Amino acid sequence: MNNLKVERQVSLAKFTTLKIGGRAEWFAEPKNIKELRVLISWAQEKKIQWQIIGAGSNLLINDNPLKGLSFCMKKCLGYNLDRFSGEIEVFSGELLPKMARKAAESGLSGLEWAVGIPGTIGGAIAMNAGAQGSCMAERVKSVQVISAIDGKNFELRHSELKFAYRKSLLQKEPLIVLSAKLNLDPGHQYEDLNRITNENLTQRTSTQPYNLPSCGSIFRNPEPLKAGKLIEDLGLKGLRVGGAEVSRIHANFIVNASKASAK
């Protein structure tokens, strides 16, 4: 497959923040649309299923071997930032905290809330990630996607993405995010944005179990209630099964306290 490396029997545990997962039958890390097309065509030719991984920060992978082709988008990198218009065009593998920092450095407001979310841009858009009352849907202008059916790429506008609470069209359709255009607010002072960004990060790290592997908050909040508060009120903090434990710091986190399995 030219210079694109496809490996066999790769442990997926190291590609998730939970540090859990079986071995992929086939595994690759594409860097651009050309390599993605090659992988999709190859999977179709072999008549094997495929699955995609971003930063693996919202993902629990089965302990058993995973059939077919798994590919990770974290090497699909690059961005262009316009400090005057506030528009950022960014590839899907870029990490959300990095882009939050880059935006702040350029005086662009709108991603300060995202600094503590360890996901890729592609994954964050697909699940409409959010925190502190903000979410990706507020900033996405459009996305470039590639179809896993025919390998064609095209643009989806904001209105076509059908954003909802922690949801988007991308969770239902066989589409892979290649890049996105984000609209931020220009003309802000870096010092102010950096202070807010750091305060947000401190708030997250001091109230969430960043010291142990996890995949972030497990349950969606049944608004206006908070899932973590409900679980804590039931006295379930510290509940443990094998190596998996309901966090003693934040009850909406299940942490890998000691060699936990997916089971």
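The legends below describe close-up views of a predicted model.

**View 1. Strand β2 pairs with strand β1 and with strand β4.**
Strand β1 covers residues 6-11, and strand β2 covers residues 23-28. These two strands run antiparallel and are joined by five bridges. In this pairing, V6 is placed opposite A28 of β2. Strand β4, residues 66-72, pairs with β2 in the parallel sense, over four bridges. Here A28 stands opposite F71 in β4.

**View 2. K47 has a positive phi in a loop.**
The phi angle of K47 is near 55°, which is positive although the residue is not glycine. Is K47 buried or exposed? K47 has a relative accessible area of 77%, and the cut-off for exposed is over 50%, so K47 counts as exposed.

**View 3. N128 has a positive phi and is buried.**
N128 sits in the loop between α3 (121-126) and β7 (130-131). Phi of N128 is near 50°, again a positive value in a residue other than glycine. The relative accessibility of N128 is 3%. Buried means under 20%, so N128 is classed as buried.

**View 4. A cis peptide bond lies between E223 and P224.**
The bond joining these two residues has an omega of about 10°. P224 belongs to the loop between β12 and α5. In residue numbers, β12 spans 214-217 and α5 spans 227-233.

**View 5. I218, F219 and I254 form a nonpolar surface patch.**
The patch made by these three residues has an area of about 240 Å². One of them, F219, is in the loop between β12 and α5. How accessible is F219? Its relative accessible area is 47%. Partly exposed residues fall between the 20% limit for buried and the 50% limit for exposed, so F219 counts as partly exposed.

**View 6. Four residues gather in a patch of positive charge on the surface.**
The members of this patch are K162, K167, K172 and R220. R220 lies in the loop between β12 and α5, the loop that also holds F219 and P224. With a relative accessibility of 46%, R220 is partly exposed.

How values were computed
Residues numbered from 1 in each chain as written. Predicted model: local features only at pLDDT ≥ 70, side-chain atom pairs only at ≥ 80, totals over all residues. Heavy atoms only, no water. Patch = residues over 30% accessible without salt bridge, like charges linked within 9 Å, V, L, I, M, F, W, Y side chains within 5 Å. Areas by Shrake-Rupley, 256 points an atom, 1.4 Å probe, with all protein chains shown as cover. Salt bridge = Lys/Arg side-chain N within 4 Å of Asp/Glu carboxyl O. Lys, Arg positive; Asp, Glu negative; His and termini not counted. Charge placed at Lys NZ, Arg CZ, Asp CG, Glu CD. Buried < 20%, exposed > 50% of the residue type's maximum accessible area, 1.4 Å probe, protein only. Pairing = 2+ DSSP bridges.
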